[in-house]
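Student: I would like to work through this structure slowly, with the cut-offs behind each term stated as we go.
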Amino acid sequence: MGAKAKKALKKNLRKASSSTPQKKEAVDFLPLEGGPGLQLPVEKPTEDISKVVYIGRIPHGFYEKEMEGFFRQFGVIKRLRIARNKKSEIRFASTGCESGLYETGKSKHYGFIEFEDPGVAKVVAETMNNYLLYEHLLQVHLVPPERIHPKLWRGFNIRYKPLDWVKVERKQHDKERTLEERKKLVDKIVKRDEKRRKRIEAAGIDYECPEIVGNIEPLPKKIRFE
């Protein structure tokens with residue numbers, strides 16, 4: 001094939017390619033004034049990543065101060081809260097006193113941490129879930145924003161104050177009792193003393209226990225001088 005034939009072939013190929021109809025790209029809308037069609041910009045779906053992390057199975061002794069010091073290594077902590085009992089029933093079997101409700105503030109073994117960066121919260125949830133701490137497997141999960149209760153962070157900055165057990169015992173010991181309550185208290189003390197005497201005798205120890213004297217008679221009324 002000569003040079004002229006090659007040129008003619010290339011010319012025919014160009015004409016064929018230009019004559020073939022090109023496919024038009026799909027457009028979102030056509031302007032009213034005319035002209036080429038326009039496409040809307042493609043928006044990527046934004047991920048709503050939560051900053052709040054739920055922590056369950058918190059062991060005894062791992063409280064706000066310890067938890068804040070431990071999780072601070074991942075990032076800046078905005079808020080932290082451990083769920084605690086407001087009131088618990090306490091029984092005083094040793095003193096023979098009635099049970100009562102007291103604000104113990106004991107941990108419910110779960111809590112929440114809010115980080116400033118949502119990426120940090122995601123890393124914490126992925127790395128700390130099923131982490132063994134004090135023989136407890138921590139349960140760590142992200143809390144979706146729609147599941148965060150509006151009262152979740154109420155009182156998060158209130159630090160735990162331990163209950164004064166000496167004050168509670170003193171209050172129970174010094175309270176006024178009726179004649180029947182005093183009699184029950186003395187009967188329990190006498191029964192406990194009899195069991196102790198039997199254990200001493202069974203051990204072969206020669207010991208004479210002092211007698212327990214319980215004054216269960218009503219106290220004399222005060223004389224009022226007019």
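Student: Is Arg72 buried or exposed?
Tutor: This is a predicted model, in which local features need pLDDT of at least 70, side-chain atom pairs count only at pLDDT 80 or more, and totals for chains, interfaces and linings use all residues. Residues are numbered from 1 along each chain as its sequence is written, and side-chain values use heavy atoms, with hydrogens and water left out. Buried means under 20% relative accessible area, exposed over 50% and partly exposed in between, for a 1.4 Å probe and protein chains only. Because its relative accessible area is 52%, Arg72 is exposed.

Student: What distance separates the C-alpha atoms of Arg72 and Phe115?
Tutor: Arg72 sits in the loop between H2 and S2, where helices (H or I, at least four residues) and strands (E, at least two) are DSSP runs numbered from the N terminus. Along the chain, Arg72 and Phe115 are 43 residues apart.

Student: How many helices and strands does the protein have?
Tutor: Read from the N terminus, the elements follow the order α-β-α-β-β-β-β-α-β-β-β-α-α. The secondary structure therefore comes to 5 helices and 8 strands.

Student: Why do the buried residues of H3 count as lying on the same side of H3?
Tutor: Val120, Ala121, Val124, Ala125 and Met128 are the buried residues of H3.

Student: Which elements do the buried residues of H2 pack against?
Tutor: The residues in question are Glu64, Met67, Phe70 and Phe71, and they lie on the same side of H2 because they too cover an arc of only 135 degrees around the axis. The buried residues of H3, for their part, pack against S1, H2, S5 and strand S8 (139-142). With contact meaning heavy atoms within 4.5 Å, the buried residues of H2 pack against S1, S2, S5 and H3.

Student: Which residues does Val140 touch, leaving out those up to four places away in sequence?
Tutor: Val140 belongs to the residues of the largest core that touch the most other members. With the sequence neighbours up to four places away not counted, Val140 touches Val53, Tyr54, Ile55, Val124, Ala125, Met128 and Asn129.

Student: What is the bridge partner of Arg84 in S5?
Tutor: Two strands pair if DSSP finds at least two bridges between them. S1 and S5 run antiparallel with 5 bridges, and Val52 has Glu114 as its partner there. S2 and S5 also run antiparallel, joined by 6 bridges. Within S5, the partner of Arg84 is Ser107.

Student: At what distance does the side chain of Ser107 reach the backbone nitrogen of His109?
Tutor: Ser107 counts as buried because its relative accessibility is 13%, and, not counting residues up to four places away in sequence, it touches Tyr63, Ile82, Ala83 and Arg84. A polar contact is a pair of N or O atoms within 3.5 Å; within protein, one must be able to donate a hydrogen and the other to accept it, and residues adjacent in sequence count only if both atoms are side-chain atoms. The side chain of Ser107 reaches the backbone nitrogen of His109 at 3.0 Å.

Student: What phi does Asn130 take?
Tutor: Asn130 is found in the loop between H3 and strand S6 (132-133), and it is partly exposed because its relative accessible area is 47%. Asn130 is not a glycine, although its phi is positive, at about 65 degrees.

Note on methods: A nonpolar core is a set of buried Ala, Val, Leu, Ile, Met, Phe, Trp, Tyr and Cys residues joined through side-chain atoms within 4.5 Å. The arc is that of the directions from the helix axis to the C-beta atoms.
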